[in-house]
Amino acid sequence: MDHFLNKDGALHAEDVPVAEIAAAVGTPFYVYSTATLLRHFHLFDEALAGMDHLVCYAMKAASNQAILKTLGDAGAGMDVVSGGEYLRAKAAGILGERIVFSGVGKTRDEIHLALSGGIRQFNVESEPEMEVLNAVALELGKVAPITIRVNPDVDAKTHAKIATGKSENKFGIPISRAIEVYAMAGAMQGLDVMGIDVHIGSQLTDLTPYELAYQKVAELTEELRAQGHNIRRLDLGGGLGIPYERSNEAPPLPSDYGALVKRTLGHLGCEIEIEPGRLIAGNAGLMVSEVIYVKEGEDREFLIIDGAMNDLIRPAMYDAHHDIIPVVEPAPGAEPAKYDIVGPVCESGDTFAKHRTMTPMHAGDLVAFRSAGAYGAVMSSEYNSRPLIPEVLVKGDQFAVIRRRPTFDEMINRDTIPEWL
Ligand SMILES: *Cc1c(COP(=O)(O)O)cnc(C)c1O
């Protein structure tokens, strides 16, 4: 459920008409709903009630500081995957002790940054990383809290580009080698081995892969404890999917997921961390765009809009579906039409939808892309010299621009022409 509803024929973000935001900030733009962000966070938090736990929002999904602060104030920790994300979380007021650091390629500098600034734990993904982390910790006279990310070799049955838990993927250490790698870690003076980390992929629409992975984590916990490791924390990753196509998708709910966690891991008495990103932010955001032209093709009509693949790359990158709806409800009885919905970028891949049935659209009409809150703004670029589009946050009847649209000059003046030219 989200808080983007039609009221009196006009799409609203909570209590604000989307058309009013468009008039104020121009199109295209992203808009997020505070109530939806909080609702999704609380669903996870409640799903794990009764277990010692922390929901660490995977901020790579949508990393505007206003979103981070909204969730942080509600009690969320953060999962970061770069030094930039770490600093952004800190800037939004998140304490280091609530930040976990994931990612296969943490550099020495990033490790240094997080270890000196305070961190809840590093999720270590390889032996060479473990050695660097140990060395940096000893240099700083600190002990780095870690979990080791294990790759359980389960098929998450999701899009190949976002599956991470198969042995062919670059993530984690093979679970078959875990005992050996934990023994190495346990012998390092600069590391405190706290637990196990696993993250098998994104946009999972079935709980079975989680069940298989978490059973393996439970077995590994017992084995490692038997070897003398004080395993007291389990980071279970993120990945729960959302319904992108509302008419025919019903992925499992956070409450089902929470029950599964309790059933498979509850008896171990560990502190539980989860790292949801998409489920918190995805349906909490829209991308809003204006129709520039309706163009007659030979056998189809093109809806050419002012948003493009550089603003929302998911359809081009993952063949992703987004529901696209008119911001103003059509007059009753309007005959639906079929459109290919495309952006202005010079690539055929700049196509959001083909043969999409919609109410008849005209130049100047606004459309909203649903489920655009996660992996939307964060993945945008300036391809075709199109400035990054603004982000807006709504709360009740208020809205605020939380990242403004840069001017053309700001974008162009970042280049430097060398003296010899
Ligand atoms: C991307 C990622 C997540 C979040 O995945 P979602 O599908 O957005 O929930 C969590 N943990 C790690 C390590 C990730 O890389």
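The legends below describe close-up views of a predicted model, in which local features need pLDDT of at least 70, side-chain atom pairs count only at pLDDT 80 or more, and totals for chains, interfaces and linings use all residues. Residues are numbered from 1 along each chain as its sequence is written, and side-chain values use heavy atoms, with hydrogens and water left out.

**View A. Packing of helix 8 with helix 9.** The axes of helix 8 (residues 208–226) and helix 9 (residues 254–265) come within 9 Å and cross at roughly 30°; axes are lines fitted to C-alpha atoms, for helices over the stretch in contact, and angles run from 0 to 180 degrees between N-to-C directions. Helices here are DSSP runs (H or I, at least four residues), numbered from the N terminus. Helix 8 and helix 9 are therefore roughly parallel to each other (angles under 35 degrees count as such). On the helix 8 side, Y210, E211, Y214, Q215, V217 and A218 meet Y257, L260, V261, R263, T264 and L265 of helix 9, where contact means heavy atoms within 4.5 Å. Sorted by class, this contact of helix 8 with helix 9 has 8 nonpolar, 2 polar and 2 charged residues (Ala, Val, Leu, Ile, Met, Phe, Trp, Tyr, Cys and Pro count as nonpolar, Asp, Glu, Lys and Arg as charged, and the others, Gly among them, as polar).

**View B. Packing of helix 6 with helix 7.** Helix 6 (residues 127–140) and helix 7 (residues 178–186) have axes that come within 11 Å and cross at roughly 10°, and that makes helix 6 roughly parallel to helix 7. E127, M130 and E131 of helix 6 make the contact with V181, M184 and A185 of helix 7. The residues of this contact comprise 4 nonpolar, no polar and 2 charged.

**View C. The largest pocket.** The space in the largest pocket is about 540 Å³; on a 1 Å grid over the protein atoms alone, a pocket is an open set of points with protein on both sides within 12 Å along at least five of seven lines, and lining residues have an atom within 4 Å of a point. Among the 29 residues that line the largest pocket, K60, T164, F171, H199 and Y375 are the closest to its centre. The lining as a whole has 11 nonpolar, 9 polar and 9 charged residues.

**View D. The largest cavity.** The structure holds 1 cavity of 30 Å³ or more, a cavity being a set of points where a 1.4 Å probe fits but cannot get out, and the largest cavity holds about 40 Å³ of space. Residues lining the largest cavity include F44, Y210, L240, Y257, I274 and E275.

Definitions and conventions: Helix = DSSP H or I, 4+ residues; strand = E, 2+ residues; numbered from the N terminus. Parallel < 35°, antiparallel > 145°, perpendicular 65-115°, else oblique. Points joined across faces, edges and corners; volume = space filled by probe spheres on them.
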